[in-house]
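Here are a few notes to read alongside the model. Please have the viewer open as you go.

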Amino acid sequence: MKKALIFLSVLLGIDIATKYLTYWYVPQMIWMHASYPYGGYGIFENLFGGVSLSINHVQNRGAAWGFFSQYSEQLLGLRALMVTALCVYTILYVGRERKKWLFLFIIAGALGNIIDHYFYGSVIDMIHFNFWGYTFPLFNFADICISLGIFLLVFPPLFVRRPEVRSWQ
């Protein structure tokens, strides 16, 4: 349990720190900047002939990609309820140690986005990819944690070695 709390704290710490730095030191993205780095800080441009990454500051009051932004308070309540349910489920029902770590990724990401609402009134997104002219919706470290946890829960056979089954021949 102690290792799990440390792990959760580290993930939350990274998320909170990156959002704090973005909020205070990266200018808010203005969509008038039609070219790289879109008013933010460039990391790389034209990798593989068209992939670019920049750090931009966008405040998201809705769910994923800004959906339902007019229901910000209701979404906050729903998120808090879902995180509480996920914590209870993880503590009471998740038996395998590996699965608990994956649920901790999801819980840390969700808590990070909830904390944003209390401190900033919205979720701070900053990672901005552009793929050959298509601007992928901005996201943050918490979103990476949530996505990684869900992906590894859904597709465990891709990443877990199974013991070899020997035939009796």
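Leaving aside its neighbours within four places in sequence, which residues is Asn 56 in contact with?

1. Some ground rules before the reply: this is a predicted model, where local features need pLDDT of at least 70, side-chain atom pairs count only at pLDDT 80 or more, and totals for chains, interfaces and linings use all residues. Residues are numbered from 1 along each chain as its sequence is written, and side-chain values use heavy atoms, with hydrogens and water left out.

2. Now the reply: Asn 56 is in contact (heavy atoms within 4.5 Å) with Thr 22, Val 26, Met 29, Pro 37, Tyr 38, Gly 39, Gly 40, Asp 125, Met 126, His 128 and Leu 138. Met 29 sits 27 residues away along the chain, yet the C-alpha atoms of Met 29 and Asn 56 are separated by 5.9 Å.

3. Asn 56 belongs to strand 2, residues 51-60. Strands here are DSSP runs of E with at least two residues, helices are runs of H or I with at least four, and both are numbered from the N terminus. The protein chain has four helices and four strands, in the order α-β-β-α-α-β-β-α from the N terminus on.

4. Asn 56 counts as buried because its relative accessibility is 0%; buried means under 20% relative accessible area, with a 1.4 Å probe and protein chains only. Of the 169 residues in the protein chain, 36% are buried.

5. Do look at the Asn 56 side chain: it makes polar contacts with the side chains of Ser 54, at 2.7 Å, and His 128, at 2.9 Å. A polar contact is a pair of N or O atoms within 3.5 Å; within protein, one must be able to donate a hydrogen and the other to accept it, and residues adjacent in sequence count only if both atoms are side-chain atoms.

Methods:
Buried < 20%, exposed > 50% of the residue type's maximum accessible area, 1.4 Å probe, protein only.
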